[in-house]
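Please open the model in your viewer and keep the sequence beside it, so that each selection can be followed in both.

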Amino acid sequence: MWVIAVLALHHDIWFWKSRHTVFGFLPIGLAYHAAYSVLAVITMALLVKFLWPSHLEVPEDEYAPQEQE
């Protein structure tokens, strides 16, 4: 559900015609996308931490490359 909400927030139609600024110089649409980018990074970090399939990871000490003859 969280990922769907983040995807829905990506399509911001409410700031398209706004002339408001943040900190007096940054257009609000650009500030929104900067905040959205931070949210996307946090979301991806959580997805990797909690949902990454652990069976795909092979510890380095267990990895034995096959010798070529």
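Which side chain does a polar contact of 3.4 Å join to that of D12? Select D12 and H33 together: their side chains are joined by this contact, a polar contact being a pair of N or O atoms within 3.5 Å, one able to donate a hydrogen and the other to accept it. This is a predicted model, in which local features need pLDDT of at least 70 and side-chain atom pairs count only at pLDDT 80 or more, while totals for chains, interfaces and linings use all residues. Residues are numbered from 1 along each chain as its sequence is written, and side-chain values use heavy atoms, with hydrogens and water left out.

Now color by secondary structure, where the elements run α-β-β-α from the N terminus on; helices are DSSP runs of H or I with at least four residues, and strands are runs of E with at least two. Return to D12, which lies in the loop between α1 (2-10) and β1 (21-22). D12 is buried and has no salt bridge, the nearest side chain of opposite charge, K17, being 14 Å away; buried means under 20% relative accessible area, exposed over 50% and partly exposed in between, with a 1.4 Å probe and protein chains only, and a salt bridge puts a side-chain nitrogen of Lys or Arg within 4 Å of a carboxyl oxygen of Asp or Glu.

Next, select L46 in helix α2 (residues 28-51), which is partly exposed with a relative accessible area of 40%.

Finally, show the whole chain, where buried residues make up 10% of the 69 residues.

Definitions and conventions
Lys and Arg count as positive and Asp and Glu as negative; His and the chain ends are not counted.
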